[in-house]
Amino acid sequence: MPDASHAFPHLPHLPGVGYKAQHFTDIMTDPAPVGWLEIHAENYMGDGGRPLAQLRVLSERFPMSVHGVGLSIGGEGRLDPDHLARLKHLCDWLNPASFSEHLAWSTHDSHFLNDLLPLPYTSATLTRVADHIDEVQSLLGRRMLLENPSSYLAFAESTYSETDFLAEIVRRTGCGLLLDVNNVFVSATNLDYSPQGYIDAYPLDAVGEIHLGGHDEDEDDFGAPLLIDSHGREVVDPVWALLDYALAKSGPKPVLVEWDTDVPDWPVLADEARRASQALSRVLV
Amino acid sequence: MTVQTAFRAGLLNPAHPVPEGLTDGHAQPAGRRYGVYRNNVTVSLRDALATGFPSLISLIGRENFDHVARAHLRQSPPTSPLMMHYGAGLPDFVATLEQLEHLPYLADVARIDVAMRQSYHAADSTGIDPTLLQSLDEESLLAARFGFAPSMILLRSQFSIGSIWHYSLRGGDKPSGHPEDVVILRAEYDPEPFILGTGAGDVLHALHSGTPFGEAIELGGEDFDLAALLNLLLSQHAITAVDH
């Protein structure tokens with residue numbers, strides 16, 4: 001069983017990938033260049049079986065990141081105490097190097113909608129999100145990272161920019177941030193602002209991890225480009241360029257490639273991780 | 001109405017108008033941008049259901065399954081973020097659908113899909129040493145109550161659900177049409193459905209409910225094959241305790 005004696009205290013400044021069960025043998029045989037793994041918390045909340053058995057083996061060899069997708073931190077209701085308890089159980093058992101969640105909501109009136117839904121950025125929502133993060137950090141006994149969302153629309157009532165909103169959450173709660181550069185690119189394209197300008201305004205000192213992944217292309221009612229965060233293909237060149245831009249300003253960070261739908265064979269994912277490794281090596285020089 | 005109540009209202013209802021106060025980041029209304037979330041929610045829940053029902057999909061086809069799944073998820077969205085458990089109510093929903101009335105066995109076959117997934121995620125356990133049963137004297141054995149692996153799930157049906165499940169996913173002989181009891185067993189990590197012989201469903205149901213061994217095996221009738229049932233349970237590490 002994992003315990004503190006096996007634990008890796010930090011994610012290394014190396015590429016990681018989102019773990020998929022079909023890659024278990026490849027990863028155990030030759031993980032290069034991957035130095036750490038991320039799991040979606042909710043997929044490991046069963047009582048036993050192969051998922052937990054694989055996790056036990058992987059955690060002895062790799063630093064692990066637990067990435068929640070179901071806590072609904074941006075939700076109007078209170079956090080689900082049962083789900084919080086499951087999360088605590090998983091984190092206490094696995095003792096991961098990192099825990100992260102999203103600036104989004106997914107549960108409303110007890111229905112779980114299985115998507116990362118947007119919220120307006122106002123004083124009221126800021127207080128609510130900060131309270132929820134305080135609750136999570138206090139219960140888990142660890143600092144969490146909060147990820148910026150992919151946005152397809154904006155709220156007329158928002159009074160904060162997303163970067164100011166995140167900076168204020170960091171100031172109030174002491175949490176860290178997970179900078180998803182694909183989400184930055186998607187949101188900046190969809191809402192027509194500069195992705196580099198977003199990175200410039202982002203509180204990079206708080207970043208504990210960077211994500212990138214693939215997206216799909218569509219357009220809105222007026223013919224404007226509408227990018228959809230799908231995690232179902234290779235990362236596009238402008239997002240790699242944005243990673244370089246962010247790393248040049250932030251210094252080296254743990255960088256994760258996400259590929260969640262139409263998951264490819266291991267060599268394709270390892271190639272994407274290799275590209276992330278090259279981006280990291282350019283910062284170290 | 002709160003912002004999220006308004007936003008939630010149209011997510012699973014395509015006829016609902018786009019909520020007010022949503023824009024493209026400038027002055028234009030959000031329009032189909034809201035539809036991205038609507039589509040994400042529906043497709044992700046539909047795909048979550050599809051993951052859990054391989055035999056049902058094989059029997060009615062993916063297109064028909066998607067119609068059934070969409071109707072179900074609009075009526076019964078998940079109440080937990082654990083997608084591994086979502087779909088437990090789908091067999092009951094299938095049983096209510098008039099357009100599937102000509103396939104009366106579908107709901108019970110779909111219950112095998114649900115049980116396979118439950119078994120896959122069930123707690124680990126250790127089977128007893130098979131020689132333990134032989135070491136008991138007759139009186140102790142007849143009075144013994146068995147404990148079973150949490151991954152063991154017994155399903156009983158008036159249809160030949162085990163044969164249909166096998167035929168739908170692995171081919172082989174056409175189903176017989178006789179009623180079948182099926183037990184899902186997980187020797188290590190991969191659950192497998194086994195079709196039980198005559199009387200074995202009654203016996204196993206009784207044993208699983210805590211009935212003493214001697215009393216339970218009386219329920220099997222004259223064609224019941226006790227050795228076959230015990231061999232199956234022991235080889236799949238399904239008996240985890242014998243209290244005598």
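A word on conventions. Residues are numbered from 1 along each chain as its sequence is written, and chains are lettered from A and ligands numbered from 1 in the order in which they are written. Because the model is predicted, local features need pLDDT of at least 70 and side-chain atom pairs count only at pLDDT 80 or more, while totals for chains, interfaces and linings use all residues.

Let me begin with chain A. Its secondary structure comes to 9 helices and 13 strands; helices (H or I, at least four residues) and strands (E, at least two) are DSSP runs, numbered from the N terminus. A compact globule of 285 residues would have a radius of gyration near 19 Å, and chain A, at 18 Å, agrees with that. The radius is taken over C-alpha atoms, and the globule rule is 2.2 Å times the number of residues to the power 0.38. The C-alpha atoms of chain A fill a box of roughly 50 × 40 × 35 Å along the principal axes.

Of the 285 residues of chain A, 49% count as buried. A residue is buried if 20 or more other C-beta atoms lie within 10 Å of its own, exposed if 12 or fewer, and partly exposed in between, with C-beta atoms placed from the backbone. Among contacts in chain A between residues at least 6 apart in sequence, 77% join residues at least 24 apart; two residues are in contact if their C-beta atoms, placed from the backbone, lie within 7 Å.

I turn now to strand β9 of chain A, residues 176-180. Here 5 of the 5 residues are buried, so the strand is largely enclosed by the rest of the structure. Both faces are covered, with G176(A), L178(A) and D180(A) buried on one side and L177(A) and L179(A) on the other. Which strands pair with β9(A)? Strand β7 of chain A, residues 145-147, pairs with β9(A) in the parallel sense over 3 bridges, and L145(A) has G176(A) as its bridge partner. Strand β10 of chain A, residues 207-213, also runs parallel to β9(A), joined by 4 bridges, with D180(A) opposite H211(A). Strands are said to pair if DSSP finds at least two bridges between them.

Next comes helix α6 of chain A, residues 181-191. With 9 of its 11 residues buried, this helix is largely enclosed by the rest of the structure. The buried residues include V181(A), F185(A) and N190(A). Their cover includes β9, α7 (195-201), β10, β11 (215-219), β12 and α8 (237-250) of chain A. After α6(A) comes D192(A), whose phi is positive, near 60°.

Chain B presents another picture. It has 12 helices and 6 strands. A compact globule of 244 residues would have a radius of gyration near 18 Å, but chain B has 23 Å, and its C-alpha atoms fill a box of roughly 85 × 35 × 25 Å along the principal axes. Buried residues make up 38% of chain B. The domain assignment, which is automatic or drawn from a database, gives domain 1 (1-103) and domain 2 (126-244). The C-alpha centres of these two domains lie 38 Å apart.

One local detail concerns P14(B), in the loop between α1 (3-9) and β1 of chain B. Is P14(B) buried or exposed? With 11 C-beta neighbours inside 10 Å, P14(B) counts as exposed. The C-alpha atoms of P14(B) and R38(B), 24 residues apart along the chain, are separated by 7.9 Å.

How do the chains meet? In all, 37 residues of chain A are in contact with 40 residues of chain B. On the side of chain A that touches chain B, β6(A) gives the most, with 6 residues. By class, that side has 17 nonpolar, 11 polar and 9 charged residues; Ala, Val, Leu, Ile, Met, Phe, Trp, Tyr, Cys and Pro count as nonpolar, Asp, Glu, Lys and Arg as charged, and the others, Gly among them, as polar. Strand β8(A) and strand β1 of chain B, residues 22-23, pair in the antiparallel sense over 2 bridges, and A154(A) stands opposite T23(B).

Finally, the nonpolar core. The largest one has 136 residues, and L146(A), V181(A) and L243(A) have the most contacts inside it. Such a core is a set of buried Ala, Val, Leu, Ile, Met, Phe, Trp, Tyr and Cys residues joined through C-beta atoms within 7 Å.
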